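Here is a friendly briefing to keep beside you while you look through the model.

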Amino acid sequence: MDLAGIEIENPVLTAAGPTSQSGDALLKAARGGAGALVAKTICTRRAVVRRPNIACVQHGSISHGVVNCETWSEIPWERWLDREYAAAESSGLKVIASTGYTAEELVFLGPRVEEAGASGIEFSTHYISKDPLTIREVAKSLKECVSIPIFAKISPSTENVREVAKTIEPFVDGIVAINTVGPVLVVDEKSGKPLLGDRYGWLSGPPIKPIALRVVSEISEVFRKPIIGVGGITDGTDAAEFMMCGASAVEVCTAALYRGPQIYCKVARELEEFVKQGGHSSAEDLIGSALREREEMRERPEIEQNCTACGICERACPSGAITIKGKGKGDVSDTCTRCGLCATLCPVRAIA
Ligand SMILES: Cc1cc2nc3c(=O)[nH]c(=O)nc-3n(C[C@H](O)[C@H](O)[C@H](O)COP(=O)(O)O)c2cc1C
């Protein structure tokens, strides 16, 4: 399939991060079924990263995602140009370089990564000003010095996402949304000190998915070029939700850390399954369906036959309206406020 002029094998790509930190890591992702390879961000200066730099945020068995205090690649840009991109390209997949951060740095690196064989460039707006005109000037500088497609990667803290997307549209071929969320602080309960080497870190994984979906949908309202969604994707349904909000492709970072490189193939296969089961002819049919308003819920929910009588809904109902009387049997009284919580909590989807 085509993504802003880049031929990709499937819509599930790697994201800039530890799982794309070198040519070797990218080759593993290619073997794991990624549709194209987005590499770790490089800059004209090597990154200095304080250890520890990645931590899993867990509560019991529930994973709340990952926090990190990485910046960009610790591998010098010269080595990326000499070896790492070539190693990734030997997989036969298209490689999208990620570069940062100032206009001068992008103009320096852009033509060089293009010459090294990159098929596209993602440039991070993480450390650029939040001002849309400044981001546009940076995009314009890069666009003018390369002939491959360029993508702006948007930070979730961007306040005026629609305005940024509209302002930069003439100078980019697509937008990637979102980067990590933060800054955040996690504490090591044993030492009583911050868990990461830097006091503050950045959050990724499932907790940031609703933020990412909102940002993607806002961009999609005003931006007519491809959007790549990223943030908390762990399965095909997550990928489908990003497409429903306007994305044409997705990237996966944290789930690849947890589950290994096979995740790309798994997400792509599950997305195909989701499309088939929904009776769509292709994943493209999903794009943008969640941009329409849903109808307001007017009816009280009903307990359906597949209810297992686990009682979760009865305990959670804020207005005490649910009484479960056995498997497949229950009443919803008129104190129900139609908040909808029960339907989303039910583990077997037995509340209509
Ligand atoms: C440890 C770590 C390092 C990252 N490094 C970069 C980076 O160098 N450049 C970048 O643009 N994004 C970087 N990211 C952000 C990811 O590319 C991605 O946008 C974010 O993690 C959300 O996706 P996820 O929930 O699938 O991880 C990094 C994320 C993590 C967890």
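**Charged pairs**

The side chains of Glu70 and Lys40 meet in a salt bridge, with 2.7 Å from N to O. This pair links distant parts of the chain, 30 residues apart: Glu70 sits in the loop between strand S6 (62–68) and helix H2 (77–89), and Lys40 in strand S4 (residues 37–42). Please keep in mind that this is a predicted model.

- Both partners of that pair are buried: Glu70 has a relative accessible area of 15%, and Lys40 has 7% relative accessibility.
- The structure holds 15 salt bridges, and another of them joins Arg45 to Glu105, where the closest N and O atoms are 2.6 Å apart.
- Arg45 belongs to the loop between S4 and strand S5 (54–59) and Glu105 to helix H3 (residues 103–115), so this pair, too, links distant parts of the chain, 60 residues apart.
- Arg45 is partly exposed, with a relative accessible area of 41%, whereas Glu105 is buried at 9%.
- Asp198 and Arg50 also form a salt bridge through their side chains, at 4.0 Å from N to O.
- Because Asp198 lies in the loop between strand S13 (193–194) and strand S14 (201–204) and Arg50 in the loop between S4 and S5, the pair ties together parts that are 148 residues apart in sequence.
- Asp198 counts as partly exposed at 31% relative accessibility, and Arg50 counts as exposed at 52%.

**An open antiparallel sheet**

- Four strands make up an open sheet in the order S5-S6-S14-S11, with antiparallel pairing.
- S5 and strand S11 (181–184) are the edge strands, each pairing on one side only.
- From one strand to the next, the twist averages 35 degrees.
- S11 and S14 run antiparallel and are joined by two bridges; Val184 has Gly201 in S14 as its bridge partner.

**Strand S16 and its parallel partners**

- Which way do the residues of strand S16 (residues 249–252) point? Ala249 and Glu251 point one way and Val250 and Val252 the other way, and all are buried.
- Strand S3 (residues 12–14) pairs with S16 in the parallel sense over three bridges, and Thr14 has Val252 in S16 as its bridge partner.
- Strand S15 (residues 227–230) also runs parallel to S16, and three bridges join the two.
- For Val230, the bridge partner in S16 is Glu251.

**Two helices packed together**

- Helix H6 (residues 209–222) packs against helix H7 (residues 236–244) at an angle of about 30 degrees, and their axes are 9 Å apart.
- That angle makes H6 roughly parallel to H7.
- On the H6 side, Lys209, Ala212, Leu213 and Val216 meet Asp238, Glu241 and Phe242 of H7.
- By class, this contact has four nonpolar, no polar and three charged residues.

**A buried threonine**

- Leaving aside neighbours within four places in sequence, Thr99 is in contact with Thr41, Ile42, Leu106, Leu109, Val113, Ile121, Glu122, Phe123 and Ser124.

**Backbone details to look up**

- The peptide bond from Gly100 to Tyr101 is cis, with omega near -5 degrees, and Tyr101 lies in the loop between S7 and H3.
- Ala177 and Ile178 are likewise joined by a cis peptide bond, with omega about 20 degrees; Ile178 is in the loop between strand S10 (174–177) and S11.
- Ala309 is a residue other than glycine with a positive phi, near 60 degrees.
- Ala309 is placed in the loop between helix H9 (263–277) and helix H10 (312–316), and is partly exposed with a relative accessible area of 30%.
- Arg349 has a positive phi as well, near 50 degrees; this residue is found in the segment after helix H11 (341–345) and counts as exposed at 57% relative accessibility.

Terms used:
Residues numbered from 1 in each chain as written. Predicted model: local features only at pLDDT ≥ 70, side-chain atom pairs only at ≥ 80, totals over all residues. Heavy atoms only, no water. Buried < 20%, exposed > 50% of the residue type's maximum accessible area, 1.4 Å probe, protein only. Pairing = 2+ DSSP bridges. Axes fitted to C-alpha atoms, helices over the stretch in contact; angles between N-to-C directions. Parallel < 35°, antiparallel > 145°, perpendicular 65-115°, else oblique. Contact = heavy atoms within 4.5 Å. Nonpolar A, V, L, I, M, F, W, Y, C, P; charged D, E, K, R; others polar.
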